[in-house]
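Reader: I would like to learn how to read the sheet and a helix pair in a model of this kind. Could we take them one after the other?

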Amino acid sequence: MTVKLKCLSHTPLRGLNDPGAAVVAEVDAALAKARAEVEAFDPELIVIFAPDHYNGLFYDLMPPFVIATAAESVGDYLTQPGPLSVEKDLALELARHVLDSDVDIALSHRLQVDHGCTQTLEELTGSINRYPVIPIIINSVAPPFAPYRRVRKLGEAVGRFIAKLDKRVLVLGTGGLSHEPPVPLLADAPEAISEFLIAGRNPTPEARAARQARTIAAGKIYGTSESLQTPLNADWDLAFIDLLVQGRLDEIDEFKIEEISKAAGRSAHEVRTWVAAFAVLAATGTYTARQDYYRAINEWIAGYGVVSAEQN
């Protein structure tokens, strides 16, 4: 068993809003380096922790954690549609192991996933179905949220399972860092929005296009006095990355939901995927980690970071 880790921010606005040629070139270079490292590692299995943005999971049944035995990309924004190459039998074994580890998870045999899962797969492997994969969705946008200590316990359980495999395993965390796109809240929502948040699966092409247009428009004014969204917080992002790199995961157990929302934006809770990914690696032994890239990019509504780690 050999494990490597990559944690990346995702942004649906990459390729849609322009932060300037120099920034695009920086991000392209960071992603090219990460992809080359993945190519050299040639994983036999990818375990990806990802959020959902009201595309596959809704309030008609909103679990904190979901392991998928089959998954299909909805193809939102510029991402590739179609099925992922999910390792069904191995995913079922993992689900049993996690439940036996006293971590409650949901199981899906037909999960829809969005850019929060697929963009990173495409950027690091060139496709959503090149390698066998097990998707694990962590609720990061639909309050109430599981405590961060539960996220770490999930990652540790997955890590103990991976440690028994005779495989090269790439663990991915995709989400965050600080950001707050115009995602509505169920509390006090108008009836039409409430209905969407509860049961909005499979929207019409027109409805999806309108939703995406709102996010694109929000990115064009994000970080300015015109925006009502919580701004990016580079200091918070870099301090969080430092915790992971230094292996101080136990400190994350004390993270407070409302404090993070206020400091880094309501969607900053997507860093739960990074916490779970690092907990996997920590459960397999000690690790060495590094920050590969960071920039706060308003046009993409993203504290955009790339972090790598591997076993010692």
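Author: Let us begin with a term: two strands pair if DSSP finds at least two bridges between them, and strands (E, at least two residues) and helices (H or I, at least four residues) are DSSP runs numbered from the N terminus. This is a predicted model, in which local features need pLDDT of at least 70, side-chain atom pairs count only at pLDDT 80 or more, and totals for chains, interfaces and linings use all residues. Residues are numbered from 1 along each chain as its sequence is written, and side-chain values use heavy atoms, with hydrogens and water left out.

Reader: In which sense do S1 and S11 pair?

Author: Strands of a sheet pair through backbone hydrogen bonds, either parallel or antiparallel. Here strand S1 (residues 2-8) and strand S11 (residues 302-311) are antiparallel, over five bridges, and Cys7 has Val307 in S11 as its bridge partner.

Reader: What is the strand order of the open sheet?

Author: Its eight strands run S6-S3-S8-S2-S9-S1-S11-S10, with mixed pairing; S6 (106-108) and S10 (287-297) are the edge strands, each pairing on one side only.

Reader: How do the axes of H4 and H9 cross?

Author: Two packed helices are described by the angle between their axes and the distance between the axes. Axes are lines fitted to C-alpha atoms, for helices over the stretch in contact (heavy atoms within 4.5 Å), and angles run from 0 to 180 degrees between N-to-C directions. The axes of H4 (residues 148-162) and H9 (residues 272-283) come within 7 Å and cross at roughly 40 degrees.
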